[in-house]
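Me: Hi! Could you walk me through the charged pairs in this protein and then the overall fold?

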Amino acid sequence: MRFLKTLSKVSVAFALTALGTLSSADETGKVEYMENCATCHGESGLGQGPLAELMTVSVPGLTGLSARNDGVFPMLEVIQMVDGRQGTRGHGGPMPVWGGRFKASAEEMGPYGAEVVVRGRILSLVYYLESIQQ
């Protein structure tokens, strides 16, 4: 029963985000970004986070993804890069597999509920990245 209540809350939260204003969806993604990505990619998304200088590979800026793709944000590619569970590894490997980490934090919801949470978190994050394109 606890699983169903939690899944219901998550489903309602995602539905409200989808039906609400874009700014609330962007805010959810921004929170994900600041908590999980800014330490390497920087708060501004320019690749200058506090851990970037410690990396063995250069940390790319994320505000030019659309510019590097003829002005079109590469939504699916970014989702797969962030998720990392499909074998696509960001930066050649050192980037965390966020899909796995997000799923591990939601395991109490069961495999299907956890996957809903993972996909929602990643989608919110990627929508935020789309919003910061220059």
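**Salt bridges and the fold**

Reply: Happy to! In this predicted model, the side chains of Lys-103 and Glu-115 meet in a salt bridge, with N and O 3.5 Å apart. A salt bridge here is a side-chain nitrogen of Lys or Arg within 4 Å of a carboxyl oxygen of Asp or Glu.

Me: Which helices do Lys-103 and Glu-115 lie in?

Reply: Lys-103 lies in helix H5 and Glu-115 in helix H6, so the pair ties together parts that are 12 residues apart in sequence. Helices (H or I, at least four residues) and strands (E, at least two) are DSSP runs, numbered from the N terminus.

Me: Which residues are joined into one network with them?

Reply: Salt bridges that share partners link Asp-83, Arg-85, Lys-103, Glu-115 and Arg-119 into one network.

Me: How far apart are the closest N and O atoms of Glu-115 and Arg-85?

Reply: They are 2.7 Å apart, and the two residues form a salt bridge. Arg-85 sits in the loop between helix H4 (75-83) and helix H5 (98-104), while Glu-115 is in helix H6, so this pair ties together parts that are 30 residues apart in sequence.

Me: Is Glu-115 buried or exposed?

Reply: Glu-115 is buried, at a relative accessible area of 14%. Arg-85 is partly exposed at 33%, and Lys-103 is partly exposed at 27%. Buried means under 20% relative accessible area, exposed over 50%, and partly exposed in between (1.4 Å probe, protein chains only).

Me: How many salt bridges does the count come to?

Reply: Five, by this rule. One of the pairs is Glu-32 with Arg-121, whose side chains meet at 2.7 Å, N to O. Glu-32 lies in helix H2 (residues 22-36) and Arg-121 in helix H6 (residues 110-131), so they tie together parts that are 89 residues apart in sequence. Glu-32 counts as buried, with 9% relative accessibility.

Me: OK, new topic. What does Asn-36 touch?

Reply: Leaving out residues up to four places away in sequence, Asn-36 touches Trp-98, Phe-102 and Arg-121. A contact means heavy atoms within 4.5 Å. Asn-36 is found in helix H2 and counts as buried at 17% relative accessibility. Its C-alpha atom is separated by 9.6 Å from that of Leu-125, 89 residues apart along the chain.

Notes: Residues numbered from 1 in each chain as written. Predicted model: local features only at pLDDT ≥ 70, side-chain atom pairs only at ≥ 80, totals over all residues. Heavy atoms only, no water.
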